[in-house]
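Colleague: I have a model open and would like to go through its fold with you. Can we take it piece by piece?

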Amino acid sequence: MASTKVSDHILERLREWDVTHVFAYAGDGINGLLAAWGRADNKPKFVQSRHEEMSAFQAVGYAKFSGKVGVCAATSGPGAIHLLNGLYDAKLDHVPVVALVGQTNRSAMGGSYQQEVDLQNLFKDVASDFCETAMVPEQLPNLIDRAMRTAYARRTVTAVIIPADVQELDYSPPKHAFKMVPSSMGIGRYAPVPVDEDVERAAEILNSGEKVAVLVGQGARGARAEVERLADVLGAGVAKALLGKDVLPDDLPYVTGSIGLLGTRPSYEMMQGCDTLLMIGSSFPYTQFMPELDQARAVQIDIDPHMIGLRYPFEVNLVGDARETLRRLLPRLHRKESRAWRDGIEQSVDRWWEVMQRRAAVDADPVNPEYVVHALDGLLPDDAIVTADSGSAANWYARHLRLRGRMRGSLSGTLATMGPGVPYAIGAKFAHPDRPAIALVGDGAMQMNGMMEMVTAAKYYREWSDPRLIVAVLNNGDLNQVTWEMRAMSGAPQFEESQSIPDLPYADIAERMGLQGVRVEKPKHVESAWQQALAADRPFVIDFRTDPAVPPIPPHASLDQIEAAASAILRGDSDRGSMIRQGFKAKVQEFLPGTRHRGDRPGATKDSADDDR
């Protein structure tokens with residue numbers, strides 16, 4: 001009977017942790033693990049990407065949509081380096097991911113050997129909570145257990161480095177002896193809660209407020225029912241950080257939608273007008289989109305004491321699980337009889353969706369990107385998983401899509417890196433092979449890495465019970481978000497050498513891979529293209545030819561931003577004619593008949609109303 005190798009034991013331990021997929025790319029630094037996969041009948045399943053960064057992004061997407069730890073693996077040297085961007089995406093979005101990384105033989109370490117990189121130092125920041133190198137078999141299973149347990153408990157990235165020769169050693173467990181560290185499985189379920197005294201203080205603040213605003217992030221995802229009840233009792237409106245877009249359904253009348261640079265006007269106005277703020281499970285970074293620092297009394301709920309008290313001068317910081325903390329808080333809250341604040345918020349939300357519909361209907365050359373995403377809104381399957389890449393696509397995802405019921409959605413929140421839209425969707429398909437996944441990506445991100453990951457989709461889609469993976473490419477020939485940021489923040493005209501990118505036949509390329517696709521160049525074909533993709537029996541790429549002149553500037557853009565964009569026009573922006581037309585047509589939708597007087601909105605002041613001119 002063959003002996004059990006260290007590599008065999010690693011895969012066995014992963015299976016015991018209920019790891020069913022490892023997103024990886026081969027290399028000789030993990031040859032021992034690859035051989036073990038062959039002996040283990042490919043369990044857990046080795047999912048082959050086109051690039052190690054994509055493996056990391058797929059692990060992040062898998063973790064975000066499954067609630068389990070995502071596991072990725074890469075060879076030594078360049079493979080390990082390639083993982084880093086995806087791992088930082090996980091770290092900054094508080095997503096549990098474990099990286100298994102090969103290293104040169106122990107005998108060569110320190111000898112400037114081929115592909116030798118100081119992995120301990122390379123990973124010491126991204127995997128700061130746990131990063132260890134296996135030097136002898138007896139360190140296992142402890143290293144795997146601690147990596148998994150720490151990733152789960154601290155919602156972060158951990159790494160285990162395994163030299164190539166160690167992978168091939170016979171496994172021997174730790175003994176009952178000095179300087180041996182035995183280990184055990186599991187983490188145990190727990191839900192920390194704050195002390196009663198702090199909960200009482202928080203209740204006093206929330207009860208005393210007349211205009212309560214709630215901001216939820218992904219940390220509130222398990223507390224949907226409690227947040228809905230709290231909003232009802234307090235007559236509050238609820239804004240959502242982008243990572244928390246699927247925490248509450250967007251069809252609730254008091255949900256104001258996203259907040260921040262990509263956010264909605266109702267969220268912005270609610271924060272301007274509130275006298276009390278409750279933030280739940282979010283580390284939303286943009287203080288300027290929150291109330292003035294002396295405007296509102298504020299309470300924060302977060303499970304991580306390291307992240308508590310950030311962003312705003314909170315009077316009470318409740319450290320605890322969102323659901324359990326709200327269950328203790330709710331009996332102490334008094335129902336607010338006046339509904340004037342809530343009524344104003346709901347009117348603002350109604351008006352916002354009218355404006356969004358009008359902006360989507362604005363003519364563009366050739367297709368309005370807002371219409372592309374707005375048309376999807378009404379066609380989304382009830383169980384859809386939606387991902388968005390960074391860039392202008394994220395604007396339309398944030399503002400035009402209403403996630404409802406079981407729908408899920410995510411993007412790169414804190415790192416805001418380009419490239420995760422397609423691999424997130426692939427990770428989602430391995431987490432939920434029975435649900436459709438839709439990725440909204442720009443042509444820049446599609447050229448950067450998304451197109452090649454369609455090869456991964458082509459390789460695996462027959463294994464998914466629902467084969468639908470739809471990639472919508474907003475093809476405008478421009479790195480559009482940066483172009484608009486240059487205009488709005490720097491007053492700089494478009495620099496075509498950096499911003500203009502080639503036009504590729506994305507749908508044709510997909511078809512050459514054995515997938516399906518269609519190019520859309522007229523608005524009248526947008527809805528039928530979505531319907532065709534949603535009815536497909538395999539992954540589908542829609543190449544939407546969209547207008548780069550449609551501005552993704554927030555609808556509450558400051559006067560300084562508008563002046564900066566005007567400055568770019570005066571300096572000779574190559575797209576200045578279209579910019580003026582499209583910017584005016586988009587903005588004017590807010591002033592068409594049916595608009596309420598600005599003074600009627602929640603928290604409106606003369607100054608804030610004047611800013612809209």
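Colleague: What should I know about the numbers before we start?

Modeller: This is a predicted model, in which local features need pLDDT of at least 70 and side-chain atom pairs count only at pLDDT 80 or more, while totals for chains, interfaces and linings use all residues. Residues are numbered from 1 along each chain as its sequence is written, and side-chain values use heavy atoms, with hydrogens and water left out.

Colleague: At what angle do H1 and H2 pack?

Modeller: Helix H1 (residues 6-16) and helix H2 (residues 31-39) pack at about 60 degrees, and their axes are 8 Å apart. Helices (H or I, at least four residues) and strands (E, at least two) are DSSP runs, numbered from the N terminus. The axes are lines fitted to C-alpha atoms, for helices over the stretch in contact, and angles run from 0 to 180 degrees between N-to-C directions.

Colleague: Which residues of H1 and H2 meet?

Modeller: From H1, Ser7, Asp8, Ile10 and Leu11 meet Gly32, Leu33, Ala36, Trp37 and Arg39 of H2. Contact here means heavy atoms within 4.5 Å.

Colleague: New topic. How many residues are in the largest nonpolar core?

Modeller: That core has 52 residues, and Leu87, Val97, Phe123, Met446, Met454 and Val471 have the most contacts inside it. A nonpolar core is a set of buried Ala, Val, Leu, Ile, Met, Phe, Trp, Tyr and Cys residues joined through side-chain atoms within 4.5 Å. Buried means under 20% relative accessible area, exposed over 50%, and partly exposed in between (1.4 Å probe, protein chains only).

Colleague: Which helix gives the largest share of this core?

Modeller: Helix H3 (residues 52-66), with seven residues. There is also a second, separate core of 37 residues, including Ala394, Trp396, Tyr397 and Leu440.

Colleague: Back to leucine 87. What is it in contact with?

Modeller: Leaving aside neighbours within four places in sequence, leucine 87 is in contact with Ala56, Cys72, Val97, Ala99, Phe123, Val126 and Val157.

Colleague: And serine 55, buried or exposed?

Modeller: Buried, at 0% relative accessibility. Serine 55 lies in helix H3. Not counting residues up to four places away in sequence, serine 55 touches Phe23, Ala24, Tyr25, Ser49 and Cys72.

Colleague: Where is proline 44?

Modeller: Proline 44 is in the loop between H2 and strand E2 (45-48). A cis peptide bond joins lysine 43 to proline 44, with omega about 0 degrees. The bond from leucine 140 to proline 141 is also cis, with omega near 10 degrees, and proline 141 sits in the loop between strand E5 (131-133) and helix H6 (142-154).

Colleague: What about phi of aspartate 41?

Modeller: Phi of aspartate 41 is near 60 degrees, which is positive in a residue other than glycine. Most residues other than glycine have a negative phi, and most peptide bonds are trans. Aspartate 41 is in the loop between H2 and E2, and is exposed, with a relative accessible area of 56%. Asparagine 42 also has a positive phi of about 60 degrees, and at 30% relative accessibility counts as partly exposed.

Colleague: On to the open sheet. In what order do its six strands come?

Modeller: The order is E9-E8-E7-E10-E11-E12, with parallel pairing. Strand E9 (255-258) and strand E12 (316-319) stand at the edges, each with a single partner strand, so one side of each has no neighbour in the sheet. Two strands pair if DSSP finds at least two bridges between them.

Colleague: How many bridges join E11 to E12?

Modeller: Four bridges join strand E11 (residues 297-302) to E12. Glutamine 300 has asparagine 317 in E12 as its bridge partner, and isoleucine 301 stands opposite leucine 318 in E12. E10 and E11 pair over five bridges.

Colleague: Which strands does H11 lie across?

Modeller: Helix H11 (residues 322-329) lies across strand E10 (276-280), E11 and E12, at about 135 degrees to E11. Helix H12 (residues 340-360) lies across strand E7 (212-216), strand E8 (237-240) and E9, at about 50 degrees to E9.

Colleague: Last one. How many residues of H14 are buried?

Modeller: Nine of the nine residues of helix H14 (residues 392-400) are buried, so H14 is largely enclosed by the rest of the structure.
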